[in-house]
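This report walks through a two-part question: where does the chain pack, and where does it open? Start with one residue, then widen the view.

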Amino acid sequence: MESRFRNLIIIVSVLVLLLSIGYSNGGRTSVTIVENLFSYVVIPTQDVLTSVSNNVTEKISDISRVFKYREEIKTLEKKNKILKEENISLTLDKVQIDQLETLKKNLNYINRNDFNDYVTAKVVSKDSSNWFNMFTINAGLNQGVKKYSIVVADNGLVGKVYEIGDNYSKVITIVDNKSKISFEILSLDQKYQGYIESTHDGLLTGRIFEPNANLKDGMTIITTGQGIYPEGLLIGKIISVIEDEDAFLKRVTIEPEVDFRYLKYVTVITIDQEQSEWINENN
Amino acid sequence: MKITKIMLISLIVFLIQSTIVQKISVHEIQPNLNIIVIVLIAIYYDNKTILVYSLFSGLFQDLYTSPYIGINIMLYLIISIILIRFESVFNKTNIISPVFLISLGTSIYNILFFVFLKVLNLNFSVYRLFDILIIELTLNVIFGILIFKATQSYLLDR
């Protein structure tokens, strides 16, 4: 009788957990009150622990770099010389820019900027399972972040907000297998488009729609504007081109612009509630 | 062990795992402290403690760092139930016991995780599974031995 009861508990628990996994698939638009309450302890503590471990890691890497400093000084001296020369030519250009600014004001020109609303947040923790490329930031609904807000860093695309609490958000990166992105190759001659097929070891594999595309290593990859990511966000650059004769399509390996291993701060481009709900319904 | 004490331990382990342990990764693969602690609890404490610890550690991980709520709870509970079955072969002083159990727990966790992701139709290659298994298993065993040695006398005397 007792073992029957135990088996029943196991079956019910498994079913509840499977339902929970299914329910949370795709990320929730809001979290429970208990999660939010706990997050007021969890997120600040993670913030402190991450800061301490970041500082320790930096100090250790500083010590290991001491031996390289001599060579770096020589390189920097050379760079300094070049920069001094560039500075002179840029000063001349600045005079022209100032003149154009004055002209712009006189013509009542309105500056168009798609990303006026943004929030800077700190990466406080990362997924521990080794299976997902996700991290948690210390900004949420209270800071104006919404589900599907775009996350960028170092001028490159990082990912999107997957799930959101009052003062924290889970961010899914572009190197996660759950991310689907369409991209185009930045080229003056042709407009080649493709999509990210898979990820491995922090690199992305993309398929190009044009079978005869003239591709080279080092070409820049940006977002197309299809899907949730706005047009023109820098994804990375091609590091190798693979000919796939069976599929009649070319594949490229892309190195992301952002180094996800050392990500400490990110910028979240906020969207309004209506946009977030629209994406949620159509995704 | 009292439930509040187990909950506090699982919260502390989760906080360390999601922050400090991230810095000790090899090829971006980090050790899993929860599996190590589950094994230590299985060796030194009763069945209820190991199940409650698995529940809370999985819950914290799912709520604050994972895309699916329930996946880690389920996997840690499965590992715990299997470890309970192995209870008769535990040796509290021999290092072979934790090494074997940590290897078993890490393998079950990652193989089942891979199966779950395949069921959810996510594109993960079997090579990724091998990478994670080899590196995480090695790291877990190294850290497991260190933690086992550091806590052994305290846990035996309690």
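S24(A) counts as buried because its relative accessibility is 0%. Buried means under 20% relative accessible area, exposed over 50%, and partly exposed in between, with a 1.4 Å probe and protein chains only. This is a predicted model, in which local features need pLDDT of at least 70, side-chain atom pairs count only at pLDDT 80 or more, and totals for chains, interfaces and linings use all residues. Residues are numbered from 1 along each chain as its sequence is written, chains are lettered from A and ligands numbered from 1 in the order in which they are written, and side-chain values use heavy atoms, with hydrogens and water left out.

S24(A) sits in helix α1 of chain A. Helices (H or I, at least four residues) and strands (E, at least two) are DSSP runs, numbered from the N terminus. The S24(A) side chain reaches the backbone oxygen of I21(A) at 3.2 Å. In sequence, S24(A) and E163(A) lie 139 residues apart; their C-alpha atoms are 9.3 Å apart.

Two contact lists follow. Contact means heavy atoms within 4.5 Å; neighbours within four places in sequence are left aside for S24(A) and for W131(A).

| Residue | In contact with |
|---|---|
| S24(A) | Y162(A), P67(B), Y68(B), I69(B) |
| W131(A) | N110(B), F113(B), F114(B), L117(B), F124(B), R128(B), L129(B), I132(B) |

A nonpolar core is a set of buried Ala, Val, Leu, Ile, Met, Phe, Trp, Tyr and Cys residues joined through side-chain atoms within 4.5 Å. The largest has 67 residues, and W131(A), F132(A), I79(B), L83(B) and F113(B) have the most contacts inside it. Its largest share, eleven residues, comes from α2(B). A second, separate core of 41 residues includes I137(A), A153(A), L157(A) and V175(A).

Helix α1 of chain B has 16 residues (3–18); at 1.5 Å a residue it should span 22 Å, and its end C-alpha atoms are 22 Å apart, which agrees. The expected span is 1.5 Å times one less than the number of residues. Among its buried residues are I6(B), L11(B) and F14(B). What covers the buried residues of α1(B) includes α2 and β1 of chain A.

The largest pocket has a volume of about 1400 Å³. Of its 48 lining residues, K126(A), N133(A), F260(A), R261(A) and E28(B) are the closest to its centre. A pocket, on a 1 Å grid over the protein atoms alone, is an open set of points where a 1.4 Å probe fits, with protein on both sides within 12 Å along at least five of seven lines; lining residues have an atom within 4 Å of a point. Volume is the space filled by probe spheres set on the points. α2(A) gives the most to the lining, with five residues.

Key: Polar contact = N/O pair within 3.5 Å; in protein donor to acceptor, adjacent residues only side chain to side chain.
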